[in-house]
Amino acid sequence: KRKVIQQSITKFDGSQDKIKRETWVDASAEPEFKALSRPNNIQSAVEFWMLVAIDLLATGDAFIYVDKGNPEDDQLADNASRNRLEQALRRTSRSNIRGMYRLSSSLLQPIASMDDKKILDGYGMQTDAGYFTFKPEEIVHIKLPNPTDPFYGLAPIVAVMKKLLLDRYTDEHMLRFYKQGARLGGVIKAQKKLTKDQLIRLERIFESNFTGKRNHHKTLVLPEGMDYQTIEQNPGETALIEFTKANKEPILAAYKVPPIKVGLLDGATYANAQIQDKTYYQNTIKPFIAFIEQAINQAPAILNPLKELKFSFDLSG
């Protein structure tokens, strides 16, 4: 919470003067802190903020719906002095936030305003239950910088999408190789012409007897006049394992994650492991949480601007 204090200073001539200095003090006793530390009744704070972080890193956007209820629900039926006192106490000791809920970034869409005086008319969400609209003051929109769109953030994953696809297809290739009994793909050559029924029967017999986990290391025996020829190299011969390791580097670079954080210990020592750990917090975590902090401080949905509150993460640990 913002606090202004007076500080005495000594001038060159020895006289005293007082100046005002702004400082920020702990405000964990404020009701807004409870809303941030206990977002809703169906999720823990760790789960809630983890989902927000996943949305932001994976899609470039994270949306938080702040439910403040109906203002009319807080009005008392009569104007008795006791009821007015209870109402005043309730307002000072509690936040008007009933709950905060993470909304999927794939469903929510900003609605641009046609009015020159404002940018957004609100947000729309299309679901199986229908179409829902939200006012701008009901949504906290956290987004990463995007040079091509003022309404949507740009995720780091966009820059390495092809690398991720390569990693996926490599894993699928190796999985298929081992699912068929670590046996290479190939063709069977026959010296005589086979009918269509004979080809289908031979293919089914070969697949049932020599592919799959149950048939690992079986000896292949072919009828007379047939020959098996491989048309595919195994992962070891194609250096696929080394390729997958090298393919991880640009993905880690896009998210600024040191290799040691994902278990890549090649060339790691105790000294550079400590440096990587410090670099991770300084260059990865701190800039990332700055987007969350500033989005919450800028949006009027959670913090009351009249109370001069500011949200920040505790980095003392």
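Two strands pair if DSSP finds at least two bridges between them. Helices (H or I, at least four residues) and strands (E, at least two) are DSSP runs, numbered from the N terminus. In β4, Tyr101 is the bridge partner of Tyr65.

This is a predicted model, in which local features need pLDDT of at least 70 and side-chain atom pairs count only at pLDDT 80 or more, while totals for chains, interfaces and linings use all residues. Residues are numbered from 1 along each chain as its sequence is written, and side-chain values use heavy atoms, with hydrogens and water left out.

**Sheet β4-β3-β8**

- Three strands form this open sheet in the order β4-β3-β8, with antiparallel pairing.
- Its edge strands are β4 (99–103) and β8 (139–143), and each pairs on one side only.
- Neighbouring strands here are turned by 20° against each other on average, direction ignored. Axes are lines fitted to C-alpha atoms, for helices over the stretch in contact, and angles run from 0 to 180 degrees between N-to-C directions.
- Strand β3 (residues 61–67) runs antiparallel to β4, and 5 bridges join them.
- Helix α2 lies across β3, β4 and β8 and runs at about 145° to β3. Contact means heavy atoms within 4.5 Å.

**Sheet β5-β6-β7**

- A second open sheet has 3 strands in the order β5-β6-β7, again with antiparallel pairing.
- β5 (108–112) and β7 (130–134) stand at the edges with a single partner strand each, so one side of each has no neighbour in the sheet.
- In this sheet, neighbouring strands are turned by 30° against each other on average, direction ignored.
- Strand β6 (residues 120–127) is joined to β5 by 5 bridges, and the two run antiparallel.
- Gln109 has Gly124 of β6 as its bridge partner. For Pro110, the bridge partner in β6 is Tyr123.
- β6 and β7 pair in the antiparallel sense over 5 bridges. A hairpin of 2 residues joins β6 to β7.
- Met125 stands opposite Phe132 in β7.

**Helices α4 and α6**

- Helix α4 (residues 161–179) packs with helix α6 (residues 240–255) at an angle of about 155°, and their axes are 9 Å apart.
- The two helices are therefore roughly antiparallel. Angles under 35 degrees count as roughly parallel, over 145 as roughly antiparallel, 65 to 115 as roughly perpendicular and the rest as oblique.
- α4 contributes residues including Leu164, Asp167 and His173 to the contact, while α6 contributes residues including Phe243, Asn247 and Ile251.
- By class, the contact of α4 with α6 has 8 nonpolar, 4 polar and 3 charged residues. Ala, Val, Leu, Ile, Met, Phe, Trp, Tyr, Cys and Pro count as nonpolar, Asp, Glu, Lys and Arg as charged, and the others, Gly among them, as polar.

**Helices α2 and α7**

- The axes of α2 and α7 come within 11 Å and cross at roughly 110°. That makes α2 roughly perpendicular to α7.
- Trp49, Ala53, Leu56 and Leu57 of α2 meet Phe288, Ile292 and Ile296 of α7.
- This contact of α2 with α7 has 7 nonpolar residues, no polar and no charged.

**Aromatic pairs**

- The structure holds 6 aromatic pairs. Rings of Phe, Tyr and Trp (its six-membered ring) pair if their centres lie within 6.5 Å; planes under 30 degrees apart count as stacked, over 60 as edge-to-face and the rest as tilted.
- Trp49 and Phe311 form a stacked pair, 6.2 Å centre to centre with 10° between the planes.
- This pair links distant parts of the chain, 262 residues apart: Trp49 is in helix α2 (residues 45–59), and Phe311 is in the segment after α7 (270–298).
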